[in-house]
Amino acid sequence: MLNPQRSLSELPKMSAASQVERAVLEEEFNWLLKEEVHAVLKQLQDVLKEASRRFSMPTPGLESQLKQENFILGSSTMDQVKGVLTLQGDALTQTDINLKVAKSSQVLHFQFREDKQWKLQQIQDARNHVNQALQLLSSRDESYHFKTGAEVNKLMDAVMLQLTRARNRLTTPASLTLPELATSGLMKMFTPPMPGDVMVNFYINLSKLCLTVYQLHVLPPNTTKNFKPAGSSVLHNPGAMFELNNNRFEVSHVHKVECVVPWLNDTLVFFTISLQLCQQLKDKISVFSSFWNYRPF
């Protein structure tokens, strides 16, 4: 709303000042599109290449070049489960697990069969999302000229989506039902074979590699009164019930042990830095966009 007290002769001056301001802002915005955007894209690529390097996978035929890392499983509770896990990239190649059976002094010892290794899907998926983010960034090399802020925002949104998915894969393990655990391929990996009253699950949670061991007992056939099958969960509690092959089971004991994988922690830090860089660039674009949308005259 124009101030009625102002004379009409003032309006051209205001308009001229506005035009100068607009010209300066347009020049700054063009510099942002031409120079700063590419500087941020280069930064993002450097950070994500470091993240990708942490996930480094061997080239076919050179599997032995990928470093094997041994991790000792630890727990803050009773030492019911002890073990060493060998991680090579996204695969558990060896396990050595001792389980002290509850209510007895018996110790069960399990290892992976020599011909088996267990792929950790969470690591595979996170790596794939990082690589997709890198492909998006490399599709706009330094010679590419961004014409609008919306175009930059669209690229940032696509990169941020891949990074968020990568992070979520490491921070959110899959929920499984107890029958799904009992029939998973993991149960066929061990020598000696896992007994029918023991189940295990491996998963990633943030920067930790976790092992959960479930001990079961069979419910009498006539148990119908209080039988309530458990749903999906990352971690099932004692008392959870399920049915499999016409038998009903109840979880009697749960043991969770874990170990920190330092390079997974690195990747999570890289994801955070990258998401911040994307958001900061979007914020700069929005400052200019808010000016274009403001029409004082």
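A salt bridge here is a side-chain nitrogen of Lys or Arg within 4 Å of a carboxyl oxygen of Asp or Glu. Keep that in mind as we walk through this structure, which is a predicted model.

Let us step back for a view of the whole chain. Its secondary structure comes to five helices and ten strands. Of the 297 residues in the protein chain, 41% are buried. The chain exposes about 17000 Å², and carbon and sulfur atoms supply 52% of that area. If you take the contacts between residues at least 6 apart in sequence, 67% of them join residues at least 24 apart.

Back to the charged pairs, where the count of salt bridges comes to 13. One of them joins the side chains of Lys119 and Asp90, at 3.2 Å from N to O. This pair links distant parts of the chain, 29 residues apart: Lys119 belongs to strand S5 (residues 118-119), while Asp90 lies in the loop between strand S2 (81-88) and strand S3 (91-100).

Another salt bridge is formed by Asp125 and Arg169, whose closest N and O atoms are 3.0 Å apart. Here the link runs between two helices, from Asp125 in helix H2 (residues 121-138) to Arg169 in helix H3 (residues 149-171), across 44 residues of sequence. Helix H2 deserves a look of its own. Asp125 is among the buried residues of H2, and others include Ile123, Val130, Leu134 and Leu137.

What about the cysteines? The structure holds zero disulfides. A disulfide is a covalent bond between the sulfur atoms of two cysteines. For Cys259, the closest cysteine sulfur is in Cys210, 7.8 Å away, which is too far for a bond; the cut-off for a disulfide is 2.5 Å. Cys259 is buried, with a relative accessible area of 5%, and Cys278 is buried too, at 0%.

Finally, the backbone has a few spots to look at. Most residues other than glycine have a negative phi, and most peptide bonds are trans. Against that background, the peptide bond from Thr191 to Pro192 is cis, with omega near -10°. Pro192 lies in the loop between strand S6 (190-191) and strand S7 (198-205). Leu206 is not a glycine, yet its phi is positive, at about 60°. You will find Leu206 in the loop between S7 and strand S8 (208-218), where it counts as partly exposed at 43% relative accessibility. Asn246, again not a glycine, has a positive phi of about 65°. Its place is the loop between strand S9 (241-244) and strand S10 (247-260), and Asn246 is exposed, with a relative accessible area of 74%.

Note on methods:
Residues numbered from 1 in each chain as written. Predicted model: local features only at pLDDT ≥ 70, side-chain atom pairs only at ≥ 80, totals over all residues. Heavy atoms only, no water. Helix = DSSP H or I, 4+ residues; strand = E, 2+ residues; numbered from the N terminus. Buried < 20%, exposed > 50% of the residue type's maximum accessible area, 1.4 Å probe, protein only. Contact = heavy atoms within 4.5 Å. Areas by Shrake-Rupley, 256 points an atom, 1.4 Å probe, with all protein chains shown as cover.
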